[in-house]
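Hello,

Here is the structure I promised to pass on to you. Have a look at it first, and then read my notes below.

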Amino acid sequence: MNEIITRCPSCSLSFRAMPAHLQAANGLVRCGACLKVFDARENLVDAPQADMPAHIASSDQHNDLEQEQEQEQEQEQEQEQEQEQEQEQEQEQEQEQEQEQEQEQEQEQEQEQEQEQEQEQEQEQEQEQEQEQEQEQEQDEPETETVTGARHPEQIDIHWPDATTAESTQQSEDNSPTERAGKATENPPQDVVEDNPLHLQSDTTLFYPPARPRRKTWLWLTLSLLASALLAAQYLYFFADVIGEDPGNRQWIGRYCEVAGCELSPLQDLNKISSDQLMVYSHPDIPDALSVDAVLINEASFAQPFPSLVLRFENLQGEILAQRRFQPKEYLHGDLADMTMMPARQPVKLKLELIDPGQDAVSYLLFIPK
């Protein structure tokens, strides 16, 4: 198929183009020098292809290749700048989220402290009330003794001998006059008992009000401490992942989860993972296939899981022609097949294989999806 020669209306650079490519792109092409898009059919150069020397045609092809490479480099730089801007925006959003989480945690801690203070104040008030009640009881006791000392009739306990005691007493009186006289003195008759106030006072029983059982204040304190400890343990159990996102808290929260049974997700910061030395070439063994070599570097200070990768191919107009997502098990081979975590600050070489998207795919990009 014959080639045509067109000229850029902006920089007057001439280059060759295939009619099939022009037909597919509706005649639109992009200049490799000034990157201006124009209609090649309206800017044709009337110069027969046969009259051009061979070295000029080859030089034009070489210039076209250089221009395409420069264009690809510029596109890659623009994409890198866009990615950096997106990463900065994501970092700002993550910082805002972290600040919001810290504020929520501080508010929760303040609420817990306020609740603890209220509980302590209630306990102190209860203790003061108990002390006041005890003091009132102590003040009431002397008054009770004074009243009981007045020998109210309802508090007088008069002991009357039963039948058995009466018989034994009668027998002892009959047997011994001396004992009878002593018993008569010890057990006077009823009229003597009622008329003798000294006897009434000796047999008077004092009634005291029952002592109120004293509450054990230390029991309330112990229960309050146990409730606070249980609340703190529950908070750590349910928010272990949030607390563990900070590398400084990772060690002690990990030990706590070993005892409590909670699980910590591994630390992951995709912004700290970068790709380098990307190379795309034809597969040596499989026709119509491509091999991709790349190097992943974990720039974080901690190991993190291998991420998924996306390889994208585009044409001159920036349209996506092909795209594929690779999981770690698809690009880890050989000694790396059993690895799940990327070592910190160590390069990892990767090898990808995929179907060739065609000659229109002039640019490619390997990135980590967020």
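Does Cys34 count as buried, partly exposed or exposed? Cys34 has a relative accessibility of 32%, so Cys34 counts as partly exposed. Please keep in mind that this is a predicted model.

Let me stay with the cysteines for a moment. A disulfide is a covalent bond between the sulfur atoms of two cysteines. The count here comes to one disulfide. Cys257 and Cys262 form that bond, with their sulfur atoms 2.1 Å apart. The link of Cys257 and Cys262 is left-handed, with -100° about the S-S bond. Cys257 is buried, at a relative accessible area of 6%, and Cys262 is buried as well, at 10%.

What about Cys11? Cys11 is partly exposed, with a relative accessible area of 34%. Cys34 is in no disulfide either: the nearest cysteine sulfur, in Cys8, is 3.6 Å away.

Now for the helices. Helix 7 (residues 217-238) packs with helix 9 (residues 250-260) at an angle of about 105°, and their axes are 10 Å apart. Angles of 65 to 115 degrees count as roughly perpendicular, so helix 7 is roughly perpendicular to helix 9. Helix 7 makes the contact through Ala233, Leu236 and Tyr237, while helix 9 brings Trp252, Ile253, Tyr256 and Ala260. The residues of this contact divide into seven nonpolar, no polar and no charged.

Best wishes

How values were computed. Residues are numbered from 1 along each chain as its sequence is written. This is a predicted model: local features need pLDDT of at least 70, side-chain atom pairs count only at pLDDT 80 or more; totals for chains, interfaces and linings use all residues. Side-chain values use heavy atoms; hydrogens and water are left out. Axes are lines fitted to C-alpha atoms, for helices over the stretch in contact, and angles run from 0 to 180 degrees between N-to-C directions. Helices (H or I, at least four residues) and strands (E, at least two) are DSSP runs, numbered from the N terminus. Angles under 35 degrees count as roughly parallel, over 145 as roughly antiparallel, 65 to 115 as roughly perpendicular and the rest as oblique. Contact means heavy atoms within 4.5 Å. Ala, Val, Leu, Ile, Met, Phe, Trp, Tyr, Cys and Pro count as nonpolar, Asp, Glu, Lys and Arg as charged, and the others, Gly among them, as polar. A disulfide is a pair of cysteine sulfur atoms within 2.5 Å. Buried means under 20% relative accessible area, exposed over 50%, partly exposed in between (1.4 Å probe, protein chains only).
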